[in-house]
Amino acid sequence: MNNAQTLKIDPGPRSGSGDPRPDLRGQRLDAPPSALPLMRAEDLSLVYDSGRTRALDRVSFELKAREFVAITGPSGCGKTSLLNLIGALDAPTHGRLFLGAERYPDLGSAAAFRRRHFGYIFQSFHLMPTLTALENVLVATADPGAGESGSALRERARALLAHLGLLGHEKRRPAQMSGGERQRLAIARALINRPAVLLADEPTGSLDTANALQVLDLIETIRLRDGLTVVLVTHDHQVSRRADRVLRMRDGKIFW
Ligand SMILES: Nc1ncnc2c1ncn2[C@@H]1O[C@H](COP(=O)(O)OP(=O)(O)O)[C@@H](O)[C@H]1O
Ligand SMILES: [Mg+2]
């Protein structure tokens with residue numbers, strides 16, 4: 001599979017009409033200008049080491065539905081810290097986060113919130129080495145009460161893998177796949193729960209140029225097709241110039 005342009009991404013509708021969750025994906029939002037932003041961060045600070053390291057320093061911003069936002073800045077400026085707060089993987093020392101009108105839950109009870117709203121992609125893929133490709137996608141789905149049967153989920157996971165050019169790779173383990181294939185597998189895992197927001201931390205940092213371009217094209221296709229909001233951390237100017245908006249960071253602050 002060499003040409004990302006030929007791939008069709010169709011994660012399908014959310015689990016039928018009975019799905020009670022508010023659908024925060026862009027294509028379902030007929031947001032009038034006065035509506036709430038998709039996500040809002042107010043005055044976020046994050047300190048480590050009992051205050052010795054200030055990773056984020058009073059950061060405020062909003063994300064709109066369907067936006068492609070790149071976060072750039074030198075190593076250690078707080079990009080990963082900020083992405084982790086947006087994705088409820090960590091909690092701010094100070095400040096507040098909202099998704100739609102909903103305040104982020106406490107970290108201890110955030111697992112379902114994370115699964116429901118966010119997909120994550122990392123530079124080093126973070127796949128489970130002992131699981132097959134299909135199992136790696138399904139690992140993200142354990143949501144008791146979501147109501148979708150195991151076989152329907154597996155079917156959807158297979159369709160996603162096919163759409164990402166990984167047909168026939170379902171039973172392979174990550175070690176049997178190339179870097180580009182692993183990152184496409186990680187994208188499938190990130191999309192299986194039909195998130196509103198895709199968070200990517202230097203997703204092309206471990207890939208050669210051809211695979212990096214393919215991964216970026218796929219993310220863009222998915223975003224447009226599915227109304228996703230994408231927040232992507234990158235060092236690469238070629239990547240950030242494709243974004244709708246760039247948040248430039250330095251010393252734990254966004255300075256534009
Ligand atoms: N778990 C942690 N414990 C202590 N310090 C950390 C931790 N994670 C990050 N830091 C520090 O916080 C700052 C911001 O880190 P990070 O958000 O990872 O930056 P970036 O992703 O831009 O390279 C750096 O000074 C880093 O050393
Ligand atoms: Mg980082």
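Predicted model: local features only at pLDDT ≥ 70, side-chain atom pairs only at ≥ 80, totals over all residues.
Author: Two strands pair if DSSP finds at least two bridges between them; strands are DSSP runs of E with at least two residues, helices are runs of H or I with at least four, and both are numbered from the N terminus. Strand S6 (residues 118-122) and strand S7 (residues 197-201) are joined by five bridges, so they meet the cut-off of at least two and count as paired. They run parallel, and Ile-121 stands opposite Ala-200 in S7.

Reader: Why is Gly-73 called buried?

Author: Gly-73 has 22 other C-beta atoms within 10 Å. Buried means 20 or more such atoms, exposed 12 or fewer, and partly exposed a number in between, with C-beta atoms placed from the backbone; 22 passes the limit of 20, so Gly-73 is buried. Gly-73 sits in the loop between strand S3 (68-72) and helix H1.

Reader: Which residues are in contact with Gly-73, leaving aside its neighbours within four places in sequence?

Author: They are Lys-79, Arg-248, Met-249 and Arg-250. Arg-248 is 175 residues from Gly-73 in sequence, yet their C-alpha atoms are 5.7 Å apart.

Reader: What makes a residue part of the shell around ligand 1, and which residues are these?

Author: A residue is near the ligand if its C-beta atom, placed from the backbone, lies within 6 Å of it. Around ligand 1 the residues are Tyr-48, Asp-49, Thr-53, Ala-55, Gly-73, Ser-75, Gly-76, Cys-77, Gly-78, Lys-79, Thr-80 and Ser-81. Strand S2 (53-63) and helix H1 (79-86) each give two or more residues to this shell, and H1 provides the largest share, three residues.

Reader: How many residues of that shell are nonpolar, polar and charged?

Author: Three are nonpolar, seven polar and two charged. Ala, Val, Leu, Ile, Met, Phe, Trp, Tyr, Cys and Pro count as nonpolar, Asp, Glu, Lys and Arg as charged, and the others, Gly among them, as polar.

Reader: What makes H1 mostly covered?

Author: Seven of the eight residues of H1 are buried, among them Lys-79, Leu-82 and Ile-86. After H1 comes Ala-88, with a positive phi near 55°.

Reader: How do you know that S1 and S2 pair?

Author: Seven bridges join strand S1 (residues 39-48) to S2, and at least two are needed, so S1 and S2 pair. They run antiparallel, with Leu-46 opposite Leu-56 in S2. Both belong to an open sheet of four strands in the order S2-S1-S4-S5, paired antiparallel. S2 and strand S5 (102-103) are its edge strands, each pairing on one side only.

Reader: Which strands pair with strand S8 in the parallel sense?

Author: S3 is joined to S8 by four bridges, and S7 by five. Ile-71 has Val-233 as its bridge partner in S8, while Val-197 has Thr-229. Strand S8 (residues 229-233) has five of its five residues buried.

Reader: What makes a nonpolar core, and which residues touch the most other members of the largest one?

Author: Such a core is a set of buried Ala, Val, Leu, Ile, Met, Phe, Trp, Tyr and Cys residues joined through C-beta atoms within 7 Å. The largest has 62 residues, and those touching the most other members are Ile-71, Leu-161, Ala-188, Leu-199 and Val-231. Beyond its neighbours within four places in sequence, Val-231 has contacts that include Leu-63, Val-69, Ile-71 and Leu-83.

Key: Residues numbered from 1 in each chain as written. Chains lettered and ligands numbered in written order. Contact = placed C-beta atoms within 7 Å.
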